[in-house]
Amino acid sequence: MNTPPVTMVLGVTPNISSFTSPTATNSCSGSGSTVTVNSTSLGAGTFTVTYNLSGANTSSNNTATLTMGSSTGTFTIPSALLASAGATTVTITQVATASGCTTSVSSSNTAAFNVGNNPNTSVFTSPSASNVCLGVNNTVTVNSTSLGAGTFTVTYTLSGASSSTGNTATLTMGASNGTFTIPGTLFTGAGSTTVTINSISNGVCSTAVASSNTATFTVSAAAATYTMTGGGSYCTGGSGQPVGISTSTTGNNYQLYNGASTVGGVVAGTGSAISFGTFTATGTYSVLATNTTSGCTRASSTSTTIST
């Protein structure tokens, strides 16, 4: 009786003769970390690594899929294993092929990384913001007793009369509240505007804010733009030089200044150019316009000088 031949396939154990220390990315509590394995002997392919965690996060005999190229490859430590903030070390103990052949790793097999704290927004009440004039910076007050004192970066959006996304600002917190500034350049229209805080970062980790994160305020129209006219030199004993503005707006009032001192009374806008008169007092003349509805002011974009 002839016995059929038996074919045996011998697997090859992973070659770790050239295996240098791995690296791991820093992460945040509840986020994963990517481990980079360095080996020119292991070869390209898919392997299973067994690893331990120690330090702030501790676990043993964890496994992951390692995808190798010619000299480097990566595997991921899942977020579930990195729940605690602090210094953590991953130690690779074994590499296995798809056929189940294994090689133990006992040197150049550790990587230290840090798991950062996420900003704590568990106690976060609605922010507030004051009404402002168009083009003027606005201060937003953030209220949280859980965030803690320090400096953070907030990401926020604007909606309503002014709309923009992906804006960032520096938030300076005390024990229970802090402030950040919305630059006036983001206010492109007058009317009701809402700021929504989307996330807060401590420079390492970020926490999304999904509730009690909006404040609504009014951006009021500013006085219209205008430029100065007149001025110049005159001879001693002469009648002086005229001072005015090139155009005016109905609903705006205009006050003339020589340096810091007011000159004459307020002049109401007419929709046309305004002459404040002829003056002999030397100095630099300017005008401050006030929107009579909003109370917002605008200084003249130019000035004019009278000299002898």
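Biologist: What does the accessible surface of the chain come to?

Modeller: About 14,800 Å², with 50% of that belonging to carbon and sulfur atoms; areas come from the Shrake-Rupley method with a 1.4 Å probe, and for residues only the protein chains shown count as cover. Bear in mind this is a predicted model, where local features need pLDDT of at least 70, side-chain atom pairs count only at pLDDT 80 or more, and totals for chains, interfaces and linings use all residues. Residues are numbered from 1 along each chain as its sequence is written, and side-chain values use heavy atoms, leaving out hydrogens and water.

Biologist: OK, how many helices and strands?

Modeller: Zero helices and 27 strands (DSSP runs numbered from the N terminus: H or I of at least four residues for helices, E of at least two for strands).

Biologist: And what does the C-alpha trace span along its principal axes?

Modeller: About 135 × 40 × 35 Å.

Biologist: Switching topic, how many aromatic pairs are there?

Modeller: Five in the whole structure. Rings of Phe, Tyr and Trp (its six-membered ring) pair if their centres lie within 6.5 Å; planes under 30 degrees apart are stacked, over 60 edge-to-face, the rest tilted.

Biologist: Is Tyr51 buried or exposed?

Modeller: Buried, at 0% relative accessibility (buried is under 20% relative accessible area, exposed over 50%, partly exposed in between, with a 1.4 Å probe and protein chains only). Phe75 is buried too, at 1%.
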